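This report goes through a few residues one by one. Please keep the sequence and the 3D view at hand.

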Amino acid sequence: MKTEPILPGATIGCLGGGQLGRMFALAARKMGYRVHTVDPTPDSPTGQISDREFNVPFTDFPTLLEFAKGVDVVTYEFENIPVTALDALAPVVALRPGRDVLYTTQNRRREKEFLQEQGFPVAPFRVVESETGLREAVAALGCPCVLKTADFGYDGKGQQKISAESDLAAVWQRHGDRAGVVEAWVPFAAELSVVVARGLPGVDGENPVEVFPPTVNIHHNHILATSVAPAPLADSIISRAQHLGTQIADKLDVIGLLAVEFFLTLRGELLVNELAPRPHNSGHYSFDACVTSQFEQQLRAVCGLPLGETLLLSPVLMRNLLGDVWADGTPDWPALLALPGLRLHLYGKSEPRPGRKMGHYCVLSPTLEQAWELDAEAQKILRR
């Protein structure tokens, strides 16, 4: 049976107060919804846009229940939320995506094992729980390889590259006495990602799905630097990435968004790298360059509304702005905004720190070549 849609005027709950929640809240406000946020940090980027901000740990269950009773549905802007919090909320309010989706994707071991069990292509990996296990995994996978923490890793945190010269005892000591995942090193031709929106079942029992155009991504120091769309890749690769993303979202039974990151190997194969059941940094371009942004699409999906069209309106380049840009003071925003086709997004964070995502800009141009040229001009301005 079709679930009744949650219409404009209702209140949406968001767990997490970062920039992804901020842009989601902006999309929700544009369509007439109210937003309540839970985040431990006062005046969070999402909280600045919300009607109400609960500044408590995610394990403050009495406050979580108060939050849940004041909203019509709860969604997420990041997945590293204690499962105990989700278990407390689930009997009170709809969680979209559901508890099990977050439980699977917030842990690399569970995520990799899910993908492997479902037959999706992943790099060879081994789960390790001791130094002995690490040595066995390195022997089996060869060098180089990568040791990753199982929990709470993002932007390269909790990762160590292992070479033939590495002192494995020291590697394990830095890792700490906890489970990890060792992955084979993947020489790749490109990194790409795709964002899938999957809604509630309709009258025919089928879940509506819309897939955004994939992006090709470039990382610096494990942090996303740029994404471009349309992805300068063969149509067959683009179709394959969109198809795999849709299949994974179906297997996880996602209601909301799922971002899937891939490696394109030198042999032309796609390997799934990571999953994120929420808006994704590489999807920021959609705010300016698509008929429907990923944030509005998240709102539509979790509210049971028709999904929007994902048509790309213009070639676009997205670049993250890290705290490093503020090293010599406030950047010259007027000069940056004078560039044609440049759209600036700042996240309302008061303290710029090296490596901290403070904002991004998108450059819309008739071609990607022109977008890269304008990006080069923007980078000169930011380095002055």
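In which helix is Glu66 found? Glu66 belongs to helix H2, which covers residues 61-69. The model is a predicted one. Glu66 has a relative accessibility of 40% and therefore counts as partly exposed. Apart from neighbours within four places in sequence, Glu66 is in contact with Arg52 and Phe54. Between Glu66 and Ile81 there are 15 residues of separation in sequence, and their C-alpha atoms are 17 Å apart in space.

Glu191 lies in strand E9, residues 188-198. Glu191 is buried and has no salt bridge. Its nearest side chain of opposite charge is that of Lys148, 8.7 Å away. The side chain of Glu191 does have a polar contact of 3.2 Å with the side chain of His219. Not counting residues up to four places away in sequence, Glu191 touches Thr215, Val216, Asn217, His219, Phe262 and Phe263.

The distances given so far are set out below.

| Pair | Distance |
|---|---|
| Glu66 and Ile81, C-alpha to C-alpha | 17 Å |
| Glu191 and Lys148, nearest side chain of opposite charge | 8.7 Å |
| Glu191 and His219, polar contact of side chains | 3.2 Å |

Is Leu313 buried or exposed? Its relative accessible area is 55%, so Leu313 is exposed. Together with Val291 and Leu311, Leu313 makes a nonpolar surface patch of about 270 Å².

How values were computed:
Residues are numbered from 1 along each chain as its sequence is written. This is a predicted model: local features need pLDDT of at least 70, side-chain atom pairs count only at pLDDT 80 or more; totals for chains, interfaces and linings use all residues. Side-chain values use heavy atoms; hydrogens and water are left out. Helices (H or I, at least four residues) and strands (E, at least two) are DSSP runs, numbered from the N terminus. Buried means under 20% relative accessible area, exposed over 50%, partly exposed in between (1.4 Å probe, protein chains only). Lys and Arg count as positive and Asp and Glu as negative; His and the chain ends are not counted. A salt bridge is a side-chain nitrogen of Lys or Arg within 4 Å of a carboxyl oxygen of Asp or Glu. A polar contact is a pair of N or O atoms within 3.5 Å; within protein, one must be able to donate a hydrogen and the other to accept it, and residues adjacent in sequence count only if both atoms are side-chain atoms. Contact means heavy atoms within 4.5 Å. Patches are made of residues with over 30% relative accessible area and no salt bridge: like charges are joined within 9 Å, nonpolar side chains (Val, Leu, Ile, Met, Phe, Trp, Tyr) within 5 Å. Accessible areas come from the Shrake-Rupley method with a 1.4 Å probe; for residues, only the protein chains shown count as cover.
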